Amino acid sequence: MSYQALYRKFRPNTFDEVKGQDHIVTTLKNQINSDRIGHAYLFCGTRGTGKTSVAKILARAVNCENPVDGSPCMECETCKTSEGGSAPNIIEMDAASNNGVDDVRQIIEEIQYSPTVGKYTVYIIDEVHMLSGPAFNALLKTLEEPPAYVIFILATTEPHKIPVTILSRCQRYDFKRISIETIVDRLQELMDKEGISVGEKALRYIAKVADGSMRDALSLLDQCIAFYSDQELTYENVLEVLGAVDSEVFSRLIRCIIQGDVASTMKILDEVVIQGRELGQFVNDFIWYLRNLMLVKGSEDAMEVIDAPMERIEALKEESEMVDNESVMRYIRVLSETAAQIKYSDQKRVLLEIALIKLNTPAMENDYESLVNRISVLENKIESGNIKVDAAPIRRANAEVVTNGNPLPEADEPADAPKEEPEEAVEKAVPEDVQYVADNWNMVLNHMSPLEKANFRKVSLAVKGEDTLLIVFEPNDIMFGECNTIEMIDMINTIIKEQIKKDVQVEMTQKKSNGNENYFQIISSKIDLEIEEEDF
């Protein structure tokens, strides 16, 4: 016999095998035991939570010749026939592909005949929300008053799309997402039956990624087992197959971001890319890590709200003391926006790099959360003593303050205090100097990092006034907002001053889409376009 996927091989056959839906299973078993079976049921819930499986079990149970505590016995002829999928009185219909009014009319015609086998004819309509409006209308009257031997079981992942008139005629059962513990226990039970060795940490990660879906968990486990056939399935193996990243990486990453260490952040990302991890999954897992960070920060007993080992929770507690809630919320917002864009982008790494630079540099944004983040960074620097204050502007300000017509006296300095050397005066540039910088723009680019260099590859340059170099970005260049910052302008000023020993002012602007910037001097042809490209 050909190989059968785990989720098909271990599909529940009795109510006792259904995991994580005790509130529904108990109700249905009681109805069967007391012979109070309804005529229409609506099973709602996310994918892989057992809706179709419970519908099939219910269909068998109501027709079983010898039910056991409300469950099918799986031994009588009726149960054996239904298990093979050939029971004539259990009809399954996929509303995704059979959603027209003619499909429903066919059902209405068929229910006029009583079942030849068993007591009930059961119609299981999956993805019922896909039925058209006329199809729902055709079903309405039959659903309200079907023959005594007919039962309808409707299943859907989107109950809000079903007309209220249909909802009011059904017993509604909402299937919950299955807990991680329940999924882990079930997976371990099945692996014991299969004789396959799987680490508990590996099963726990699979259960977390499945997001409450038992079917997804079994499919992921099937995929991992196939890749590491005849070997013990470890946590590291699972990460390798699913393209995921260990949470220890996120711990290192968040600490670098809190410290504003862009270089170390990019180094960690480079490690992730070299390992071949899937960047979309990386962003989603990082958002989940930040979610846990917020929960630890706001909860006294983190063990109850976070499914993680104790050593990871201790690390989260330590990190939660290094950052405020507003900053974490900003991190989650920026990453959520990136997650939405990265799905359809061909430049996933570039998008993620920009997002991580934003997280490290709150000055790039002016919203409330970013301002709070900037204040938090300054506070951390002050507390750690890692901040330098230039006293020269303060002394100049004091010199300008007068009392009764006299300047305020400066504080006496110790006799042995070292005298500060006055800064060497730098001449202001003349238009010829600015033109020289424009003609030799490469000398500025060569003193930038590869990422910064790439941001200025497509700019145009112009001389403005007497001493200003105008850097012009194209109308649709998204890097304008990233580059037009005080920090970046100061850096370019410093590079130019070191190269030509003249003080050149720098401004950045962006062309209008109508192209009326004829005064811009396009010097792209003068730039050496063979700048070394690096994979950053």
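Modeller: Helices here are DSSP runs of H or I with at least four residues, and strands are runs of E with at least two, both numbered from the N terminus. The model is a predicted one, in which local features need pLDDT of at least 70 and side-chain atom pairs count only at pLDDT 80 or more, whereas totals for chains, interfaces and linings use all residues. Residues are numbered from 1 along each chain as its sequence is written, and side-chain values use heavy atoms, with hydrogens and water left out.

Glu-236 has a relative accessible area of 52% and is therefore exposed; the term means over 50%, buried means under 20%, and partly exposed is in between, for a 1.4 Å probe and protein chains only. Between the C-alpha atoms of Glu-236 and Asp-246, which are 10 residues apart along the chain, the separation is 8.3 Å.

Helix α11 covers residues 235–242, and its axis comes within 10 Å of that of helix α10, residues 214–227, the two crossing at roughly 100°. Such axes are lines fitted to C-alpha atoms, for helices over the stretch in contact, and the angles run from 0 to 180 degrees between N-to-C directions. The two helices, α10 and α11, are therefore roughly perpendicular to each other, a term for angles of 65 to 115 degrees. On the side of α10, Leu-220, Gln-223, Cys-224 and Phe-227 make the contact, and on the side of α11 it is Val-238, Val-241 and Leu-242; contact means heavy atoms within 4.5 Å. Sorted by class, six residues in the contact of α10 with α11 are nonpolar, one is polar and none is charged. In this scheme Ala, Val, Leu, Ile, Met, Phe, Trp, Tyr, Cys and Pro are nonpolar, Asp, Glu, Lys and Arg are charged, and the others, Gly among them, are polar.

The nonpolar cores come next. Such a core is a set of buried Ala, Val, Leu, Ile, Met, Phe, Trp, Tyr and Cys residues joined through side-chain atoms within 4.5 Å. The largest has 36 residues, of which Phe-286, Leu-290 and Leu-356 touch the most other members. Two or more residues each come from α12 (247–259), α13 (262–274), α14 (279–298), α17 (325–342) and α18 (348–360), and α14 gives the most to this core, with nine residues. Not counting residues up to four places away in sequence, Leu-290 touches Ile-254, Val-328, Tyr-331, Ile-332 and Leu-335. Apart from this core lies another, of 30 residues, including Val-184, Leu-190, Ile-206 and Ile-225.

With a relative accessible area of 0%, Gln-21 is buried. Its contacts, leaving aside residues up to four places away in sequence, include Thr-49, Phe-175, Lys-176 and Ile-178.

Finally, three strands form an open sheet in the order β9-β10-β12, with mixed pairing; two strands pair if DSSP finds at least two bridges between them. Its edge strands, β9 (460–464) and β12 (505–510), each pair on one side only. Strand β10 (residues 468–473) runs antiparallel to β9 and is joined to it by five bridges. Leu-461 has Ile-471 in β10 as its bridge partner.

Notes. Parallel < 35°, antiparallel > 145°, perpendicular 65-115°, else oblique.
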